[in-house]
Amino acid sequence: MPTWIDTHVHLDEFVHHGGAAHADAVRKEARRRGVAHCVLPAVECANFDAVRELAARHGDSYALGIHPLFTRQAGEADLQALADELERRSGDPRLVAIGEIGLDYFDQTLDDGRQQHLWREQLRLARQHELPVIVHSRRAVDQILKGLRELPVRGGIAHAFNGSEQQARLLVEMGFKLGFGGAATFERAHQIRRLAARLPLEALVLETDAPDIPPHWLYVTAAERAAGTPPARNTPGELPRIGEVIAGLRGMDPAELARASRDNACVALPRLGALLGAE
């Protein structure tokens with residue numbers, strides 16, 4: 001059975017939803033299905049300890065950062081807390097990136113100046129600690145590219161990529177890999193599927209963003225939700241089936257995609273490569 005790396009899982013959300021035992025069961029089931037490793041990004045200072053402790057418990061890795069959707073309540077004290085935690089954990093081999101950070105222009109209620117400030121200050125921290133970044137770029141790829149040109153970092157992963165092919169290639173030239181997941185399983189997601197099929201294999205990493213971005217076989221429609229069906233919750237255990245869909249789009253064997261995406265993840269996150277090599 002192929003072994004997979006999920007480069008983006010919010011496992012702490014499963015703790016919030018159903019308790020620690022539920023999160024442990026979700027991770028155990030993913031491992032049973034062939035997901036050998038997960039990267040757990042933070043989204044705010046309040047979950048720094050959670051992602052670190054979950055990564056240690058399950059033999060996974062983690063990233064620390066402030067997500068753009070959490071910039072409403074974040075300020076200079078949060079940036080200082082992140083800086084302090086990065087210093088404190090600098091020797092932890094499971095700390096593989098700064099993330100999830102970036103910009104979000106889908107949510108029109110966010111303050112642009114605040115999220116731009118936090119984005120740039122976190123890029124400066126990435127430069128200071130020589131860490132790659134895990135980037136959120138919803139409707140903001142051009143602005144993300146602008147920031148990366150002005151404050152270059154050691155590459156990383158453009159999570160849930162949904163830009164143009166030109167933007168994709170620019171990110172790849174900057175040392176980034178592009179994250180593809182459940183969205184690529186929807187036939188109507190023409191652009192994402194086209195990119196997943198056409199981009200060079202060495203540009204791709206795989207992710208679930210669990211519990212978000214469920215694949216089509218888990219998706220609950222608006223009509224179903226109105227009728228009382230709860231929204232779908234994605235899990236890292238869905239990654240092998242997502243990988244099979246993406247392999248099908250590329251006309252390749254899933255095992256080959258699993259190996260390539262693992263290698264790509266280790267290039268994007270060098271500490272991950274060292275960690276997996278040591279296990």
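**A first look**

User: Where is Val26 found?
Analyst: This is a predicted model. In it, Val26 belongs to helix α2, which covers residues 20-32.

User: Is Val26 buried or exposed?
Analyst: Val26 is buried, because its relative accessible area is 10% and the cut-off for buried is under 20%.

User: And which residues does Val26 touch, leaving out those up to four places away in sequence?
Analyst: Val26 touches Leu11, Phe14, Thr235 and Pro236.

User: Changing topic, which residues of helix α12 are buried?
Analyst: In α12, residues 270-278, the buried ones are Leu272, Leu275 and Leu276. Seen down the helix axis, the buried residues of α12 fall within an arc of 95 degrees, so they line one face.

User: What does the face turned away from that buried side carry?
Analyst: That face of α12 carries the exposed residues Ala274, Gly277 and Ala278.

User: What covers the buried residues of α12?
Analyst: The cover includes the strands β1 (4-6), β2 (35-41), β3 (61-64) and β4 (95-104), together with α11 (254-268).

User: Which residues of β3 are buried on each side?
Analyst: Ser61 and Ala63 are buried on one side of β3, and Tyr62 and Leu64 on the other, so both faces are covered.

User: How many bridges join β3 to β4?
Analyst: Three bridges join these parallel strands, and Ala63 stands opposite Ala97 in β4. β3 also pairs with β2 in the parallel sense, over three bridges, with Tyr62 as the bridge partner of Leu40.

Key:
Residues are numbered from 1 along each chain as its sequence is written. This is a predicted model: local features need pLDDT of at least 70, side-chain atom pairs count only at pLDDT 80 or more; totals for chains, interfaces and linings use all residues. Side-chain values use heavy atoms; hydrogens and water are left out. Helices (H or I, at least four residues) and strands (E, at least two) are DSSP runs, numbered from the N terminus. Buried means under 20% relative accessible area, exposed over 50%, partly exposed in between (1.4 Å probe, protein chains only). Contact means heavy atoms within 4.5 Å. The arc is that of the directions from the helix axis to the C-beta atoms. Two strands pair if DSSP finds at least two bridges between them.
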